Amino acid sequence: MKNISLLGATGSIGQQTADVVRSHPDQFKIVALSAGKNIELVRTYIQEFEPKLVSVQTEEDYHVLKSEFSNRKDIEFMYGDEGLTAVAVFGQATILVNAVIGSVGLYPTLQAIKAKKDIAIANKETLVTAGHLVMSEAKKAGVRLLPVDSEHSAIFQALQGEKGKNIERLVITASGGSFRDRNREELKDVTVEEALNHPNWSMGAKITIDSASMMNKGLEVIEAHWLFDLPYDKIDVLLHKESIIHSMVEFHDSSVIAQLGTPDMRVPIQYALTYPDRIPLAGRKRLNLAEAGKLHFRDMDFTRYPCLQFAYKAGKMGGTMTTVLNAANEAAVSAFLSGKVTFLEIETLIEKALNQHSVIALPDLETIQEVDNMTRQYIESLVKDR
């Protein structure tokens, strides 16, 4: 039995993690979980999984749940950042699934590493914001960072039994997102609803917008740099609209190993939880290549997708530049989802934030948090002054 702490339990990855646990009650148990504002789903989780610790975002929801489950003396309730961290380091858990969205996942991740928890990481912003700190602490503590993103899981699987010194390059595939068949002129007046209509994957709002702008792929490039310890000139991105090949590794001898499958996030989630073993996955649609017929690929167009170019540039500069990239993107996407800016203005705001920042090399956690806050305030001021 593997005991799981789950951050972001009511989000897209969190719910699919719950599906995996539900399918294998003899293998997994959720012993602690954190959630945002979907309290109805939290109630369901409490009744179904009977966790020992539950944390929610607001004090108001904390009091509501504590009152409703007053007869459950075996469950501890918490809220806010303190609760998030408590879930991450919960003593009974053997692995942490970090499925929260945004840089809010950074501090709990670092604390979980110090508590020597293995981490199934779906929160790419943690590595984007502070990859040097996270990887250094993980190495020091001897814990494993197991990728949950489908692309990084694909690379991780392709590298099993291989030597890092033989890698020629990584190829991360990209579906192209909601607007892959539109030119930039056609993006001027797109709506939030259109942006959230992803052709292949079922994901949360923020990551779906990032997919449409290609920032998601930029964040994945930076994450791959840290997870697999490769320079940026050895990490490529390839458009592949079917999302069947999830990523590839090319080796020095010209061999290429790819991981394939129909789009289903439960596969990489389950692999991270069972690694190095595999177990059956119920209800999974099997890949039928004859049915697929053809697979399509295109070179990445950095003019069409400037956010990806921003990510490569920020990653190569390093230091606090990736913190600025991530914070500016989160703030700009939030403004778009709230109807305050247009879709194309997301990239304009990010570029302005990057251009005004003087990079700080090898920042500590306090510096990262300060730069993150300042960047968000800067974006908010630009949106307010429009």
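Which helices each supply at least two residues of the lining of the largest cavity? I found that helix 7 (150-158) and helix 11 (266-274) each do so, and that helix 7 gives the most, with three residues; helices are DSSP runs (H or I) of at least four residues and strands (E) of at least two, numbered from the N terminus.

I noted that this is a predicted model, in which local features need pLDDT of at least 70 and side-chain atom pairs count only at pLDDT 80 or more, while totals for chains, interfaces and linings use all residues. Residues are numbered from 1 along each chain as its sequence is written, and side-chain values use heavy atoms, with hydrogens and water left out.

For the largest cavity I wrote down about 60 Å³ of space and a lining of eleven residues, of which His246, Gln259, Asp264, Val267 and Pro268 lie nearest its centre. A cavity is a set of points on a 1 Å grid over the protein atoms alone where a 1.4 Å probe fits but cannot get out, and lining residues have an atom within 4 Å of a point.

I then turned to the second largest cavity, which holds about 40 Å³ of space and has Arg184, Ser213, Tyr305 and Glu347 among its lining residues.

Lastly I looked up Met78, which sits in strand 4 (residues 76-79). Met78 counts as buried because its relative accessible area is 15%, and buried means under 20% with a 1.4 Å probe, protein chains only. Leaving out residues up to four places away in sequence, Met78 touches several residues, including Leu53, Tyr62 and Ala86, where contact means heavy atoms within 4.5 Å.

Note on methods:
Buried < 20%, exposed > 50% of the residue type's maximum accessible area, 1.4 Å probe, protein only. 1 Å grid on protein atoms, 1.4 Å probe; cavity = no way out; pocket = protein on both sides within 12 Å on 5 of 7 lines; lining within 4 Å. Points joined across faces, edges and corners; volume = space filled by probe spheres on them.
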